[in-house]
Amino acid sequence: MAQFATSLFHFKKEHAEEAPERTFLGFAVGDQSYALDVAAVREILRIPRIYSLPKVPVFVKGLVDLRGEILPLMDLKERLGLGGVDAKKGRIVVMLPGAKPLGLLVDAVLEVFRVRADDIKPSPEMPASENLEFLEGIVKVGENLYMLLKARDLLTPQELKALVRQPWAPGR
Amino acid sequence: MNKGLAGLVAAPLRGSIKNQLMAMLGILLLVGSSVLAVVFYLQARSVALSQMENSYRSLGDTVASLSAYDIQFNRSNLKNTAAAMLKADPNLLWVEYADAKGKVLESGGTLKLPPTQNLTALVQRASESLVASSAGQALLVRAPIVQAQAAPTGSTGELGFEPSAQAAPARAASLGELRLVVGLSPLAQLRRGYLGFGLLVVLLTLLVGAAVSVAMVRYLMAPLGVLTGYASEVAGGKLTGFRGRMTRQDELGRLVASFEGMAGNLSQMIRKIRDAFRRVEEGTQSVSRHLNATLANTQNQETSTHQVQGQVDSIQKAVQQVSRLMEDLSQLAEEVSSSVLEMIASIDEIAANTEGLNGAVNTVASTLSQNVAGIRQIDSSAETLNTFVEETSAAMNEMESSIRQIEENAIATRKATELVASEALAGNQSAQHSNETIQKLQVSFEATTGVMKLLGQRSEEVGNILQVIDEVMEQTHLLALNAAIIAAQAGEHGKAFAVVAQEIKELAGKTSVSTREIAGLIDAVQHDVRRAVETVNSQRSLVDNSVAVTGETRKTFDRIQGAVRTSLQMVQEIARATTEQAKGAMGIVRSTEKLRDLAQHLRRGTKEQSLGSQQIIEAMDRIRSLSEEMKRATSEQSEGSALIRQAMDRLTAAVAEVLAQNQAQGQASKEVERVMADFASAGRSNLASIREATGQVDSLSQRAEEVARVISQFQIEE
């Protein structure tokens with residue numbers, strides 16, 4: 001049985017070179033490392049001045065001015081229930097969940113890495129894990145264990161709509 | 001009684017003028033006030049009388065007008081009217097109705113007229129209203145009764161009662177007369193009232209008058225008193241000091257002043273007289289001197305006579321002396337006799353006293369034995385003293401040696417102190433030196449601190465530069481990431497670019513690491529600098545402390561030096577004092593030795609005294625036996641003195657015989673004296689004539705002296 005497993009591993013390794021590669025942007029939120037597919041990432045920013053908004057959920061930090069483009073800002077750390085990001089040290093990952101960009105506040109940006117698609121492990125099945133809908137899978141790069149986030153599912157559709165439909169949203 | 005009253009009245013009149021004046025004024029006041037009271041009384045009486053008369057006259061008029069009808073038509077009513085009037089007024093003595101012709105129609109009353117008079121006659125005669133009656137004086141009131149006229153209107157023919165006088169007096173026809181005799185008893189009441197009032201008036205007048213007259217008399221009599229004083233002083237011979245006792249300007253004041261002038265003049269006159277008499281006296285004295293010279297010559301004659309007489313007298317005196325001496329002798333014999341008696345008594349007393357002496361001797365003996373005991377005590381005390389002195393002497397010797405030790409110690413102390421003084425000086429110098437060194441150290445410390453601070457500043461600047469580098473690295477890292485993202489999004493085409501981006505990123509990472517290392521080093525340097533500065537600062541406070549401490553040390557050394565100097569002086573003084581003390585101790589040792597000698601002497605003395613007392617005791621025993629012998633001797637003496645007394649009695653008798661013989665001799669010599677006196681009287685008659693002249697001169701002199709004395713009695717102004 002064990003022998004079979006080892007041979008399977010080797011098999012997989014041989015095929016890995018042929019499997020398609022994906023590129024991710026790794027960043028840190030709290031003690032944990034997360035990663036987003038670079039396809040959904042536009043750029044990385046240092047935190048400029050944040051214009052705060054009234055009557056919004058606690059994870060919506062406000063708006064930032066990105067070269068004349070108004071960008072809504074969401075604190076990922078707050079969204080994951082791990083407290084707020086330090087505004088001096090943190091970075092903004094500008095991502096495109098849909099047509100409109102959205103600023104994602106993280107503690108630090110770590111690296112851009114490539115993994116083979118079959119190295120990505122699915123997120124563990126757990127009871128009552130509805131909240132883990134936004135996880136695509138888990139991948140280990142070196143020492144780091146990255147949780148791969150689904151850019152679209154970071155917010156519920158209602159939340160996303162509410163954010164994007166704001167009067168300040170670009171395109172109006 | 002009459003005589004006493006006269007005396008009472010006369011007494012003040014015989015006194016001084018003041019009293020006389022007072023008495024006269026008193027009498028005058030009494031008489032005047034009495035007259036005043038009488039006049040008052042009479043005046044009041046007449047007023048009351050006229051009032052009474054008026055009231056009774058109006059009563060009479062009223063009744064008369066009422067009676068006009070009755071007298072015309074019903075005369076019987078007149079009686080009733082009269083009775084009613086008498087009954088109503090007790091003062092009414094008599095009521096009488098007469099008709100126009102004077103005939104009495106009706107009368108009544110208690111009046112009893114004198115038999116020779118009747119009312120009609122009185123009425124005829126009475127020119128005044130007062131009549132004399134049986135009840136004393138009485139008032140007569142006559143009221144005419146007139147025809148009452150009918151009213152001029154003649155209304156009903158009734159009779160009117162209008163008073164006739166008012167209606168028509170001219171036409172009134174007289175119908176008769178009503179006569180009333182009124183007693184004067186109301187006046188008696190008036191008199192009683194007035195007696196009190198009168199007395200009051202008299203008293204008041206007397207009081208006021210007395211006060212006024214006393215004041216007046218005093219005022220008037222004051223100069224007279226002064227004059228009386230002057231007169232009595234002049235009578236006593238005093239003619240000075242009359243001035244200004246009375247300064248009044250009236251006649252009496254002038255009299256006093258003139259009296260004062262008179263006294264002054266009199267004084268001057270008497271002085272002149274005295275001076276004249278003095279001259280007279282001087283003349284008299286010169287006459288007297290001449291007479292005395294004559295008298296002396298005559299007296300010389302007489303003295304020879306007197307001398308003879310004196311010899312006779314001396315013989316007589318000798319006889320008298322012998323007599324007196326014999327009397328004295330007799331007296332002496334008696335006195336001796338009495339003395340012998342007294343002696344016997346004294347001898348008895350001596351005997352008694354000898355016994356007392358015996359007792360006293362015994363007492364002395366016992367006292368002496370006590371004394372001997374006391375001397376023995378003294379002896380033992382002296383012995384104690386001796387031993388004490390010897391102990392003291394030994395102690396003094398010890399003290400002397402200890403004083404010498406002290407002296408040596410003082411010298412040693414002095415040397416030690418001098419050493420300390422030099423050490424203290426050296427210490428002070430070294431302290432000064434270290435102070436200077438530390439101050440230099442302080443300066444260099446400050447310089448080091450400045451350099452350290454500069455170094456710290458520089459390190460901080462380097463740190464700032466590193467921060468800029470770090471920031472640039474971060475930016476580069478970010479750019480590399482973005483480039484990597486873009487390269488990834490570019491796919492296969494962006495692969496090369498992704499490699500470059502990776503390189504850049506790695507470079508940035510390395511730079512960042514080395515920057516961080518530099519920052520760590522600089523932080524370490526800064527930390528070290530900070531620690532060095534702190535160390536320097538703490539050392540600096542230490543240095544500061546050292547500076548203060550060395551300063552303090554210097555001060556302390558100064559103080560030590562001062563103290564050492566003082567102690568040196570004190571040690572020297574101790575040395576000096578010790579030397580003196582040693583001298584004193586030597587003196588004490590010498591005195592103690594003397595004292596020891598004295599104590600030994602004392603002991604010897606007390607021993608001798610003790611021996612002496614023993615001898616005294618023995619002597620006292622002898623005295624006791626002697627006094628016993630004396631007692632025996634006195635009793636023998638007593639017997640001998642009785643024999644002496646008998647011999648004295650015999651002597652007294654012999655003396656009396658001699659005295660009798662001497663008296664006979666005295667009588668013979670008196671006869672001789674009488675003969676000599678006759679002879680002397682002849683000489684005396686010669687003298688008498690001269691003495692007469694002298695006596696006349698003397699009397700003249702005496703007169704002059706008398707006059708002088710009289711004059712001298714006057715106190716005159718010199």
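Helices (H or I, at least four residues) and strands (E, at least two) are DSSP runs, numbered from the N terminus. With that in hand, chain B has eight helices and five strands. Along the sequence the pattern runs α-α-α-β-β-α-β-β-α-β-α-α-α.

Some ground rules. This is a predicted model, where local features need pLDDT of at least 70, side-chain atom pairs count only at pLDDT 80 or more, and totals for chains, interfaces and linings use all residues. Residues are numbered from 1 along each chain as its sequence is written, chains are lettered from A and ligands numbered from 1 in the order in which they are written, and side-chain values use heavy atoms, with hydrogens and water left out.

Chain B as a whole, then. Of its 718 residues, 27% are buried; buried means under 20% relative accessible area, exposed over 50%, partly exposed in between (1.4 Å probe, protein chains only). The accessible surface of chain B is about 46,300 Å², and carbon and sulfur atoms hold 59% of that. Those areas come from the Shrake-Rupley method with a 1.4 Å probe; for residues, only the protein chains shown count as cover. Now contacts, meaning heavy atoms within 4.5 Å. Take those in chain B between residues at least 6 apart in sequence: 82% join residues at least 24 apart.

B:Gly176 sits in strand E5 (residues 174-183). Its relative accessible area is 5%, so B:Gly176 is buried. What does B:Gly176 touch, leaving out residues up to four places away in sequence? B:Ile71, B:Ala98, B:Asp99, B:Ala100, B:Pro144 and B:Ile145. B:Gly102 is 74 residues from B:Gly176 in sequence, yet their C-alpha atoms are 7.2 Å apart.

Beyond residues up to four places away in sequence, B:Ser33 touches B:Val202, B:Thr205 and B:Leu206.

On to salt bridges. The rule is a side-chain nitrogen of Lys or Arg within 4 Å of a carboxyl oxygen of Asp or Glu. One joins B:Arg57 to B:Glu53, with closest N and O atoms 2.9 Å apart. These two are four residues apart in helix H2, so about one helical turn separates them.

Another bridge pairs B:Glu177 with B:Arg179, at 2.8 Å. Both residues are buried. They also belong to a salt-bridge network with B:Glu96 and B:Arg142.

Last, the interface. How many residues of each chain are in contact? The count is 16 from chain A and 13 from chain B. The area buried between them is about 1,200 Å², with 56% from carbon and sulfur atoms. Buried area here is the accessible area (1.4 Å probe) that two parts lose on being put together, summed over both. A:Ile44, A:Arg46 and A:Val112 supply 42% of what chain A buries against chain B, more than any other three residues.

Two salt bridges cross this interface. In one, B:Glu474 meets A:Arg91 at 2.7 Å, N to O. On the chain A side, strands E1 (21-29), E3 (41-46) and E8 (108-116) each give two or more residues. E3 of chain A has the largest share, six residues.
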